[in-house]
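Here is a friendly note to read alongside the structure. Take the points in order, and keep the 3D view open as you go.

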Amino acid sequence: MDKITVLFPGGFKPLTGAHLALAQRYAESPQVGRVIMLVGPNPRDGFTREQTIEIFDLIQGNSDVSDKIEIQPTQFNSPIMAAYEYLFALSSDATGQYAMAASTKGDDYVRAKTFVPNVDKYATIGDKKGRKIPIGIDATELSIDVDPETYTDGTPISATTVRKAIADRDYETFRASYPQLNDAITQNIWQILTGLSEALFTKDWWTKQLQEDIDEVFGATMNKAETRRHKNKINKLNKFLDKQGDKSFVYDFNKFPKTVYGAVLTEGGAAGHMAHPWDDHGLTFNDMKEIVSRALEGRLDIESAVTEKTDGQNIQVTWKNGQPGFARNKGTIINPMTPAELISDFQRKQREAIAKNGAQAGATYQTVVDAYSACAEDLTDALRRIPADKLAQIFKNGRVFANMEIIYPATKNVISYDKAHLQFHNLVEYDEQGNTVETDLTGGAMVQQIIQDANAHMQKTFSFIPPQRIKIGRISNFEDQQAAFFNEIDQLRSKFGLKETDQIAEYHKLWWRDVIKTQADKMGYEIPENVLNALINRWAFFDKSESITALKKQIINSEFLNWVQEFDKNEFKRYYKQNMEPFETLFLRLGAVALKNAENFLAANPSKTVQTIKQELADLIKELQNNPNPSTVAKLELELKRIEQLGGFDQIVPSEGVVFTYGGNTYKLTGAFAPVNQILGVLKYAR
């Protein structure tokens with residue numbers, strides 16, 4: 001006789017020790033072949049299905065949980081509906097025995113009792129829609145006679161209690177909610193659900209959590225070499241803790257190098273480069289599909305929280321030689337500007353605007369001067385309230401910068417905000433040449449919390465806020481949208497006969513190879529492979545290690561050489577846009593679709609903000625259409641076409657976009673904001 005498949009549906013927000021215990025008891029039964037935990041889509045108090053699946057994968061990979069147990073997402077929030085819909089979705093010729101999970105000691109026993117007659121009814125008569133469960137499916141009752149897992153006071157372990165423990169930062173209760181797991185796994189689950197890192201814990205927390213058996217404590221995340229390194233760090237850290245007394249402290253990764261996995265990656269750019277997915281030529285076509293799936297199904301937060309990309313002015317701040325230092329480019333990373341120098345720099349730019357465009361330009365620019373002046377004043381006051389030793393530990397005397405956004409209503413670009421905020425994004429560490437060493441994605445929230453704990457987050461002009469978390473749900477027509485996007489990706493991939501595991505870089509190489517070879521063949525030039533590759537790398541990837549001057553000596557066909565020089569100077573940009581356009585459009589449209597299903601934007605009145613943007617667009621479009629400059633009209637028509645390709649003006653949302661993590665790298669989805677910004681943020685100055 002076939003073994004029984006046990007369906008165990010639920011919210012599991014989050015997964016608890018009680019859930020695991022019941023699933024394990026079923027898996028231990030010789031009658032059972034599989035236990036399928038069906039987890040519904042809706043978040044509960046901010047806890048998501050993606051976190052539940054991540055926790056399950058962590059536990060199953062690092063404990064004695066049976067490999068008979070698996071977890072699957074379901075689109076149905078009702079557990080009983082999820083179980084029946086699972087059976088309805090089976091192929092018509094499917095066979096097998098199925099049971100509904102329930103303990104005889106719990107309230108869910110009733111649904112297990114009704115499971116058998118309901119399945120029989122749906123298999124013979126069908127449901128109200130006329131659907132039938134395959135006739136070969138045999139429902140059976142299989143309840144486990146086991147007491148529910150409880151806390152020491154006899155109260156049953158529940159997801160509700162776990163959520164409350166997290167909200168209260170009550171690690172003791174949280175730890176007790178997973179009695180069958182070791183400390184290492186439980187601490188990792190705590191990290192997944194709270195986002196807290198070592199840097200925020202006090203001496204008491206550390207002292208309590210440090211264990212003598214380091215191999216067991218960190219067995220869930222480390223290999224032997226990492227464990228040895230961690231043990232050495234812990235010994236050093238213990239000595240440090242003994243000197244701290246009862247004081248809390250900021251964990252200094254310079255003294256105690258990080259030995260647990262965290263959201264750290266290497267990025268370029270003065271503020272830590274944040275790329276669109278199409279900018280990353282290292283992504284594979286499979287990666288593209290996975291990003292599409294996550295965005296459409298509301299799973300972009302599977303690696304880290306999705307945050308809003310706000311429409312403000314960027315600034316970076318550090319603490320060096322006893323005062324704030326500001327940076328807006330690589331030069332000022334190496335030599336940060338003092339508050340007075342920052343203000344003076346913007347006043348200089350204001351004078352230049354007046355000299356170039358008159359007094360009105362200076363009056364308009366005054367709001368920018370005001371924004372950065374108030375930012376310098378408020379940050380100086382806030383940081384001076386933080387103990388000097390903490391500032392030194394965070395900023396390493398000018399090596400680490402907090403990357404921030406100035407949100408100042410008077411300097412509105414496209415999105416309207418009703419309050420002035422300084423929003424912390426991340427921490428970026430640089431070397432002596434201003435090159436990025438690493439970016440800590442959780443660092444911005446940590447610094448904001450430290451400032452708030454010092455009661456310094458409400459300043460004269462700005463309030464200091466952490467990154468704005470965005471919730472993106474599963475779109476209603478997920479399957480159709482995913483199929484359409486996948487088909488588009490497959491067309492790009494198959495254009496040059498590439499595999500799904502090939503990187504996007506291969507597409508760009510072959511696209512440029514076609515352009516260059518076609519031109520060479522037209523001119524009767526048998527182009528050498530080294531020249532061809534040098535031109536491909538120059539135009540596809542901006543690799544100019546081999547200059548045009550050097551290539552002159554290698555290209556023996558004068559006609560082709562003239563074409564290369566002319567193309568590099570005048571035609572390259574147009575071709576580059578053609579090369580990137582299908583990838584750019586795909587991800588902009590993905591952003592437009594996903595962002596329409598997002599909520600929790602920072603804009604005070606999202607609906608009003610969208611209506612204001614649409615009205616401003618309508619007014620400006622009418623004005624620009626009468627502009628005598630043909631290039632301005634052509635640019636307007638291009639951006640209007642892009643908006644049309646993304647689904648029209650209804651795709652506009654009250655945000656620049658969102659920031660998410662995939663494969664440890666940070667990307668942004670911006671949707672319709674990109675062309676809207678080109679019109680409202682750029683073309684309006686062409687009037």
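1. A word to start with: strands are DSSP runs of E with at least two residues, and they are numbered from the N terminus. With that in hand, find E429, which sits in strand 11, covering residues 421-430. Please remember that you are looking at a predicted model.

2. Is E429 buried or exposed? Its relative accessible area is 10%, and buried means under 20%, so E429 counts as buried. Looking past its neighbours within four places in sequence, E429 contacts K396, R399, V400, N435, T436, V437 and E438.

3. Now step back to the whole protein. It has 24 helices and 17 strands. Of its 687 residues, 51% are buried. Its accessible surface is about 32,200 Å², and carbon and sulfur atoms account for 48% of that.

4. How do the contacts span the sequence? Taking contacts between residues at least 6 apart in sequence, 73% link residues at least 24 apart.

5. In soluble globular proteins, nonpolar side chains tend to be buried together. Here, the largest nonpolar core holds 86 residues, and those touching the most other members are W512, I527, L535, W539, F560 and L590. Helix 21 (residues 558-595) gives this core its largest share, 17 residues.

6. Which residues does L590 touch, if those up to four places away in sequence are not counted? They are I291, V292, A295, L296, F485 and L669.

Conventions:
Residues numbered from 1 in each chain as written. Predicted model: local features only at pLDDT ≥ 70, side-chain atom pairs only at ≥ 80, totals over all residues. Heavy atoms only, no water. Core = buried A, V, L, I, M, F, W, Y, C linked by side-chain atoms within 4.5 Å. Buried < 20%, exposed > 50% of the residue type's maximum accessible area, 1.4 Å probe, protein only. Helix = DSSP H or I, 4+ residues; strand = E, 2+ residues; numbered from the N terminus. Contact = heavy atoms within 4.5 Å. Areas by Shrake-Rupley, 256 points an atom, 1.4 Å probe, with all protein chains shown as cover.
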